[in-house]
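My entries follow in the order in which I checked them.

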Amino acid sequence: GLSYHLLTIAENIITILSVKLEKRLSRNLFEKLREERPSNFKKLVPISGDANEKELGLSAMDKQMLVDRVTIIIHIAGDVKFNNSLKYATLVNVRSTRDICILAQSMKNLIALVHVSTAFVPVNESFVEEKIYPPVADWQKMIEMAELLDEHTLNVFTAKCLDYAPNTYIFSKILAESIIQEYSSSLHCAIIRPSVVSSTLKEPILGWLDNVYGPIGLFVGCGQGLIRVACCNINVNQNLVPVDIVIKAILVMSWKLGST
């Protein structure tokens with residue numbers, strides 16, 4: 001009875017995931033790939049997980065499949081909102097990075113772990129060097145606090161934490177980089193730090209993006225004629241990078257790590 005019930009639930013989840021994946025792959029973003037290498041779509045295996053859950057919300061079966069089959073991890077999951085609570089930002093951006101590293105240590109064939117961070121981690125630096133900057137807090141203690149304390153209690157600590165960062169997003173990404181540095185003694189790791197990610201420059205199609213985060217919402221509003229006036233500082237340059245450039249950098253870094 002119970003085994004049959006669990007099997008039915010698992011089959012339903014797989015069906016839902018397959019439908020969602022098929023819907024995503026039907027977008028015009030993948031038209032070129034569909035024409036040139038349609039067999040590549042068969043390599044995709046959707047699994048159910050949640051970066052906000054402990055151990056990434058993975059089932060035992062999916063976790064074992066990852067341990068047996070994965071050779072490269074690109075850790076890009078997380079939440080980029082600036083106004084998340086300290087608790088949520090810590091769980092989804094910091095704890096998930098730790099759990100990715102723990103999972104990676106058990107993978108038999110892993111050759112590369114690429115963590116996607118942000119160029120604004122060293123927020124007070126005018127020039128970002130290719131190095132890990134000193135941590136602003138103990139990431140292990142922050143995860144423990146986020147797991148043990150409720151939202152209201154943890155919010156008391158937010159003002160103190162934001163002495164070191166302008167918002168909970170930057171604070172959480174600083175801690176995540178510290179985790180990657182610590183686990184780099186046993187894993188082949190690298191960190192990619194893009195600035196503000198914008199629509200595609202060229203590939204696979206011009207001007208594609210699937211969200212309105214950051215300045216993209218402003219661009220859309222201007223393009224539609226809804227926003228006609230904006231107050232700007234002429235001495236400040238917006239630091240944008242097209243998403244296809246970021247993806248190429250991630251792929252090159254994965255290749256570099258795996259081949260050296």
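The model is a predicted one, in which local features need pLDDT of at least 70 and side-chain atom pairs count only at pLDDT 80 or more, while totals for chains, interfaces and linings use all residues. Residues are numbered from 1 along each chain as its sequence is written, and side-chain values use heavy atoms, with hydrogens and water left out.

**Entry: salt bridges**

I took a salt bridge as a side-chain nitrogen of Lys or Arg within 4 Å of a carboxyl oxygen of Asp or Glu, and by this rule I found eight of them. For the secondary structure I used DSSP runs numbered from the N terminus, helices being H or I of at least four residues and strands being E of at least two.

I looked up Glu203 and Lys248, whose side chains meet in a salt bridge at 3.1 Å, N to O. Glu203 lies in the loop between β4 and α8 and Lys248 in helix α9, so this pair ties together parts that are 45 residues apart in sequence. I noted Glu203 as partly exposed because its relative accessible area is 35%, and Lys248 as partly exposed because its value is 40%.

The next pair was Glu147 and Arg95, a salt bridge with its closest N and O atoms 3.1 Å apart. The two residues link distant parts of the chain, Glu147 being in helix α5 (residues 139–148) and Arg95 in helix α4 (residues 86–105), 52 residues apart.

Glu177 counts as buried because its relative accessibility is 2%.

**Entry: the cis peptide bond**

I returned to Glu203 for its backbone, and the peptide bond from Glu203 to Pro204 is cis, with omega near -10°. Pro204 is placed in the loop between β4 (196–198) and α8 (215–223).

Which residues here have a positive phi although they are not glycines? Glu55 has a phi of about 55° and Leu56 a phi of about 65°. Glu55 counts as partly exposed at 46% relative accessibility, whereas Leu56 counts as buried at 11%.

Ala51 also has its place in the loop between α2 and α3, and I noted it as buried because its relative accessibility is 16%. The C-alpha atoms of Ala51 and Asp79 are separated by 9.0 Å, with the two residues 28 apart along the chain.

**Entry: aromatic pairs**

I counted rings of Phe, Tyr and Trp (its six-membered ring) as a pair if their centres lie within 6.5 Å, calling planes under 30 degrees apart stacked, over 60 edge-to-face and the rest tilted. A search of the whole structure finds two such pairs. One of them is Phe30 with Phe41, edge-to-face at 6.4 Å centre to centre and 80° between the planes. Phe30 is in the loop between α1 and α2 and Phe41 in the loop between α2 and α3 (60–69), eleven residues apart. Phe30 counts as partly exposed at 25% relative accessibility, while Phe41 counts as buried at 17%.

Note on methods: Buried means under 20% relative accessible area, exposed over 50%, partly exposed in between (1.4 Å probe, protein chains only).
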